[in-house]
Every structure is written in structure tokens, then in C-alpha cells.
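Let's walk through a protein structure together, one step at a time. Keep the picture in view as you read, and try to find each residue as it comes up.

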Amino acid sequence: MSDVLSAPMVVEFPFTRSLGPVQSAFLTGLRARTVLGVRTTAGTVLVPPVEYDPETAAELRDLVEVAATGTVTTWAWNPAPRRGQPLDTPFAWVLVRLDGADTALLHALDAPGPDAVRTGLRVRVRWAAERTGAITDIACFEAYEGEPYGGEPTYRQAVPHSGEFTGDAVTGVVAPARLDYTYTPGRAQTAYLAALAERRAVGERCPRCRKVYVPPRGACPTCGVATTEQVEVGPRGTVTTFCVVNIKAKNLDIEVPYVYAHIALDGADLALHGRIGGIPYDQVRMGLRVEPVWTEDGRHPDHYRPTGEPDADYDTYKELL
Amino acid sequence: MTGEFTGAPRDVAIVACAQSDHRRRTDELSEVEMLMPVLHEVLERTGLTTADIGFTCSGSSDYLAGRAFSFTLALDGVGAWPPISESHVEMDGAWALYEAWIKLLTGEADTALVYAYGKSSPGSVRDVLTRQLDPYYAAPLWPDSVALAALQAQALLDAGHADEPALAAVAARSRDAAADNAHAQLRGARPQGEYVVRPLRTGDCPPVGDGAVAVVLSAGDRARALCARPAWIRGMDHRVEAHSLGVRDLTDSPSTRLAAERAGAFVRPVDTAELHAPFTSQEVVLRRALRLDDGVLVNPSGGALAANPVMAAGLIRVAEAAGRVHRGASDRALAHATSGPCLQQNLVAVLEGESRV
């Protein structure tokens, strides 16, 4: 079906998360080019550190410092980096056991090609130039065969650490999340939107209960069967219930107060939503007869205004409340 | 939770299954439009109507759809009036099955409808799945699902548990088996292709696609009335491992083994195993964890390598195993479902048919 509508849809928002004491110390440490781990009651050093033992669930607070050098425990060559990944040239994903740690950290390894990577490879941290207290303060790892890097301490044993650093501790992270979609509304809603483009409203009738749904979503939510018979409804309708909105919505150029209503289009068995205009907000009432008002290039009614007809009798719409 | 009960629990069986044809895209269908025929088919097989169902449970993910509470729209296809008893897991439908099974065991319902669906086509499932990772240390790096599976695969190669030809053989056997599966998305011989993330090639990775599955559960004699040969759930259990990959031994799956043990899988040998292994390397891990020898028929459906609608593929494994019991092709089958990166969470169900006279 080539006439199905589709449109790009981006879901994007920053997740703001607070940190526990161990995570806070770890990320504050990265800002100061120091890698911290946490020691379990069994004596194992976890890097990256967590606040509860993954085996016993015991609370963990015993911070230790480990080296910025380590060994690759497994790797995977990524020939085509994706958005958001640490490097934009081909790189290896690696799990690295830092010297002094017993567990491995996930990150990227900058290498010229897969032949330069192997399990057991010695690597060191390449710090990001700008560090904010995030896992990305480690820009990536790089192969390291020679002398210690930039005066970093070289030890194989984790050493106790207070977890305190100069400056304010990092207490939260903001994790931007963006996912891109191509939204396709399916057959029923495509038909509805296509009709709207011609300034018509169409619903679909349930073959079992005979109710007409607007907008149609392809299924009768009462009977659980496909709605198939298309029915033209409106354009006029009846206000079944309403509310007065007193809070101005962001990015919405509508003066408050205004009325938002449920409107049962003539021939429909379900009310849809719409704004009521062309009448003072405090004169809108149940039973008010309305019609859609379209703007020049609008793809849906901008609002509904009174038709001037007498109000509908309550009995004609009480089932649609 | 454990699959072991004291006292005399009710016998619960899967009595009917249905699934969609799994396809790369279903642009012409909304989620409910994709799901509804599957729901109708599974009910028709039992002669039940929505009103006869005591409990309804579903599995899906809002992140696939990019819309909050997207599962509530899918409920339109169930027929939720008069009001129904309903629940949802933001996981593979196999976990919805577990919830329904408990509901029936406790006697709170006599029949249950369990369904799951996933439309991966609107987004990029590799990116979407990064959002299930820990938000402090992993998610900011956007390691995609293939990359994480590739780390596991390399660990497997390093440990000597497999080599690339062995992985290719898993891919070939799965797609060959899928030739007989009319619902599968990828059927018949296919080239292994180039590396997606080395050491995993195209052939080692599951297809991305859309699909839905539904099963009906019933208890005791009701199950016998609804199905000539019910697939009795002899045990079911699920276990989880540490989230952090660097803490786990990626070459093993202790959670699968423990779940299988608690589900009674090792009491007697199974003849069939439907394993939810989206990557070839994961089948190697699961076979070892479950101690499956060559006498066990593994993934006669083609498995997740032939069709992997995310959030439905695990429940499809259960449905495929149950279907073989229904048809008399299996007497005792194991079904496995996974969730999370690198087999983090695992569910095992053991299904049996009553002995035939």
C-alpha cells in the first residue's frame, strides 16, 4: 500500500539522574583523571563501581583507586560508528580490566584496524580534553606498550581512596536521549488524515456494535474487531462536555482562558477533542452546536465555533459523554 | 520466584497459539491492526471469546513505538468491554506468560490470553536497545545491540567454545530449518555476508522486523476440553544476572542454567528446545548452559535468526514449542526466552504432552 502516510518523528529529551555516593565519587574522579573502584566484602575490586554487590546485594562504600592502564578482556571491531558513539572513525568496542580491578569497563578503543586489536592487549585511558564528570570523560582507550602515561601512577594493586576531590562533587548526570522514528499511522488513521486534508471527517463503523469511531484507529475497543465501513461524519457537532483552560501552554499562541471541549460530530458515536472559539469562554455550555473552522493551510480544524442553531437536547448526546 | 510449589498446584497448559507472518516492514498496519488477526485466530482455535478469558497479559515496549503507553492502544484489539482483568510487562511476552501462569496456578483465573508484539520498523532497533542499558556508565556510549553481542562472541572465540565456521553453521542450520516455517522472515540458505561488528557477520545477526504472537492458557480439564493434546507447563522460572557486562562471564549463562534447573528441565531429557538466541554465538552459550546434546532438536522453527520481532520473539519460542507438543511432534520440549544485553535475563519453560495410548 503505497499511499500510507509516514512522517519523521524524533523523540528527544535529557534524562537527569542523581548519583549515589559511589557513582558520584567515580564520576567526580574521572573529571580529575582518576579512576576509582569499589571493594566488595569478598575483596574483589569492581570497576566501574556500583553501590551494591551484584552477588550479595551488600552495600558497598569501600572506594579504591586503580590505574588508568589495563588489559583488553574482549573486543569487537566496529567498522561503521553510529551516532553518539565515542569515536566517529572505525574503532573497537572493548571490555578493559584496569590494573588493580577484577572486573572490566566497557568503552571504545582507538586503533588503526582490527589487526591492531587482540584480547590481552595493553591499553591506557585517553582522557577527554573537557571533562564534566561523565563516563565520556574517558574519550576512549588507546594501545599502550611503553612507559606509563603522563605521570599516572603505575600500580597493580588498588589503593584506598577517600573519594574526595577538589571542587564540587558531581552529584548528577544529564543523559541526552534521542531516537529517530518514521511514524506510519496504519490504514485507518491514514484514511482519517487523508480525508481531513480535504476538510472532511470520516469515522469507521464497528460491524458488531454498529458504533462509529472518530478518529478511527482500526479496531472497535469494545468488541475487539476491525472497523471497516467508512462513514462520513460532521462537519457539525455538539459539545458534550468541556473545561476552561487557564494555563498558557508553552509554544502555543492561544490566549487564556479558553475552552477545550469534547465534541460529538453528527453521526459519530465517540466525541473527539477540540478548542471552542468565537464565543466568550464563560458562555460555552453542554449541548452547544458547533462547526469546524479551518485556517488557510491547516491540516485539521483550528477550532470549533457556534453554528447559531438551538442547543441540542440532552437526550441526543447523553450516551456520548 | 520459583517454579517449585508445595501442595497440589493446578495443571496449566498452553492450549492454542497463533502468530503473524513476520515481515521487515508493516507500514500499512498500526500496532493494533497487526495484532488483531493474531488475537482472533488464537481465540477461534479454542472457540473462546474475550468474555471467556479470565486474565489477559501482554508484553511490548514503548521504545519501539516511540510513544508512551503504546500498549494501551493495542488493547483495542482485545475488546476490553465489559472491563477485563489485564496486565502488561515492558518485556518480552514470555514474561507476560509467566505472570499469567502464576495467575492460573493461584486459581485467580481459569483461562488466560497472553500476547506480545513488536514493530521494529519505525525506528532503529540497534539504537533503541541502547536505552535499556545502565544510564550512568553504558548508555552514554551508545553501544548498540550488535556491538554488545559481538563482545560476547569474541569472548566465546577466545575461550575456544566456537570458531567462525561454527557460528556460520548455526546460521545455516537455522535458516534451513525456517524454510518449513511459513511465518519466518528469513527462510532458506543465505550468505554469511560481511562483518557487521566483528566477529559477527550479517548471517550471525537476527533480521529486524515486525510481528505478533498470542497464546491461550487454561487449567485442568478445561484445557483438555479446549485442546486435543494440551502442552502442559511442567515448570517455568526466570533469573537475572548482573547488568554490567564486565562483571559477568560472557561465555556462560548461569541464569539460564538455574532457571532450567528450577523449571525441572534436567529431571528428564527434552526432545526439542526452542532457544531465544538472536545471535548465533548466543545459541552456543545456551546449548552449553542447558547441556543440550546432539540428540535434542534445537530451533526447528528457525529461531530468532529467522524472525526476531523484539518483545515477541521469546513468546514465539514458547508458542513454537507448544505447537510441536499439540501436533504430537514433541513429548517434552524446552522453551527459552531472553531479555537484556548478552543474555542478561533468561526464562525457561518445560512443556509436556500427555503420553499417547
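Is R61(A) buried, partly exposed or exposed? R61(A) is partly exposed, with a relative accessible area of 36%. Bear in mind as you look that this is a predicted model.

R61(A) also has a charged partner. Side chains of opposite charge can pair when their charged atoms come close. Here E59(A) and R61(A) form a salt bridge, with their closest N and O atoms 2.9 Å apart. Another pair in chain A is K248(A) and E255(A), whose closest N and O atoms are 3.9 Å apart. This still counts as a salt bridge because the cut-off is 4 Å. K248(A) is partly exposed at 44% relative accessibility, while E255(A) is exposed, with a relative accessible area of 59%. Salt bridges can also share partners: R236(A), D266(A), R289(A), E291(A), R305(A) and E309(A) are joined in this way into one network. Over all chains, the search finds 45 salt bridges.

Now let's turn to the place where the two chains meet. How many salt bridges are there between chain B and chain A? The count is 3. One salt bridge joins the side chains of R82(A) and D127(B), at 3.1 Å from N to O. R82(A) sits in the loop between β5 (69-78) and β6 (91-98) of chain A, and D127(B) is in helix α5 of chain B. R82(A) is partly exposed, with a relative accessible area of 22%. Between the two chains there are also 19 residue pairs in polar contact.

Which element gives the most residues to the side of chain B that touches chain A? That is α6(B), with 7 residues. Other elements giving two or more residues to this side include α1 (31-46) and β5 (195-197) of chain B. By type, the residues on this side of chain B divide into 32 nonpolar, 9 polar and 12 charged.

The size of an interface is often given as the accessible area lost when the parts come together. Chain B and chain A bury about 4,600 Å² between them, and 61% of that is on carbon and sulfur atoms. Y136(B), Y137(B) and L141(B) supply 19% of the area that chain B buries against chain A, more than any other three residues. In terms of contacts, 53 residues of chain B touch 63 residues of chain A.

Next, look at two arginines of chain B. R45(B) lies in helix α1 and counts as exposed, at 53% relative accessibility. Its side chain reaches the backbone oxygen of C17(B) at 2.8 Å. R45(B) and L226(B) are 181 residues apart along the chain, yet their C-alpha atoms are separated by 8.4 Å. R229(B), in the loop between α8 (220-226) and β8 (231-240), is buried, with a relative accessible area of 9%. A polar atom of the R229(B) side chain lies 3.3 Å from the backbone oxygen of E354(B).

We finish with cysteines. How many disulfides are there over all chains? The count comes to 0. For C206(A), the nearest cysteine sulfur is that of C220(A), 3.6 Å away. C223(A) is in no disulfide either, with the sulfur of C220(A) 3.8 Å away. C206(A) is buried, with a relative accessible area of 0%, and C223(A) also counts as buried, at 17%.

Technical notes: Residues numbered from 1 in each chain as written. Chains lettered and ligands numbered in written order. Predicted model: local features only at pLDDT ≥ 70, side-chain atom pairs only at ≥ 80, totals over all residues. Heavy atoms only, no water. Contact = heavy atoms within 4.5 Å. Buried area = accessible area lost by both parts, 1.4 Å probe. Polar contact = N/O pair within 3.5 Å; in protein donor to acceptor, adjacent residues only side chain to side chain. Helix = DSSP H or I, 4+ residues; strand = E, 2+ residues; numbered from the N terminus. Nonpolar A, V, L, I, M, F, W, Y, C, P; charged D, E, K, R; others polar. Disulfide = S-S within 2.5 Å. Buried < 20%, exposed > 50% of the residue type's maximum accessible area, 1.4 Å probe, protein only.
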